[in-house]
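Here are a few friendly notes to read alongside the model. Please keep the view open as you go through the points.

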Amino acid sequence: DKIYYISSVANDSFHKFIVAQCTEAVILGALCTLGMFILRLPYAAMIGAVTVVTAFIPVVGALLGGAIGAFLIFMESPVKALIFIVFIVLLQQIEGDLIYPKVVGNSMGLPSIWVLAAVTVGAGMFGVLGMLLSVPAASTVYRLIKNDVARRDKLAQLDTKATEAPESQNE
């Protein structure tokens, strides 16, 4: 039963993570495309699509997409490529510090700070694979501990009520 329960929580965490990653990638790609249209940079839709694909790599995916985009824009105008680089770095900072932890954390029930910590530790220990797997793994552990604490609190409350009931009858 315990193995089934743990694997069920892990399966749910990984499923929610994949959905959150897809949502976050689309948000990032849309912001990239929109920003490029506003700045009147070339290849906005194409680079936005590349950003969506590379955004599946947590934290550094937008920079990878940005490098590809900067190269493409550089062929047309080095000045516009420089503008794009500044834009994508700012967008990456906003995405990495605000959007990613919020979108992924909310969908998985994991506080934003834990998402950021999981990605940082996972990247430090296992590189890109660690970044991909650390958030759902952290979410699984977080949920198992949270559920266990809730179960123990409920048992303690039931135990307290059971010991209080006979005392009130004696009075």
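1. Helix α1 and helix α2 (residues 44-54) have axes that come within 8 Å and cross at roughly 155°. The two helices are therefore roughly antiparallel to each other, a label for angles over 145 degrees. In handedness, α1 passes α2 in a right-handed crossing, with the near helix turned clockwise from the far one by less than a right angle.

2. This is a predicted model, in which local features need pLDDT of at least 70 and side-chain atom pairs count only at pLDDT 80 or more, while totals for chains, interfaces and linings use all residues. Residues are numbered from 1 along each chain as its sequence is written, and side-chain values use heavy atoms, leaving out hydrogens and water.

3. Now for α1 and α4: they pack at an angle of about 150°, with their axes 9 Å apart. That makes α1 roughly antiparallel to α4. Here too α1 makes a right-handed crossing, this time past α4. Sorted by class, the contact of α1 with α4 has 16 nonpolar, five polar and three charged residues.

4. Which residues form a nonpolar patch on the surface? They are L34, I38, L39, V79 and I83, with about 480 Å² of accessible area together. The elements giving two or more residues to this patch are α1 (2-38) and α4 (78-108); L34, for one, is found in α1. Patch members have over 30% relative accessible area and no salt bridge, with nonpolar side chains joined within 5 Å; a salt bridge is a side-chain nitrogen of Lys or Arg within 4 Å of a carboxyl oxygen of Asp or Glu. Accessible areas come from the Shrake-Rupley method with a 1.4 Å probe.

Notes. Patch = residues over 30% accessible without salt bridge, like charges linked within 9 Å, V, L, I, M, F, W, Y side chains within 5 Å. Helix = DSSP H or I, 4+ residues; strand = E, 2+ residues; numbered from the N terminus. Axes fitted to C-alpha atoms, helices over the stretch in contact; angles between N-to-C directions. Parallel < 35°, antiparallel > 145°, perpendicular 65-115°, else oblique. Nonpolar A, V, L, I, M, F, W, Y, C, P; charged D, E, K, R; others polar.
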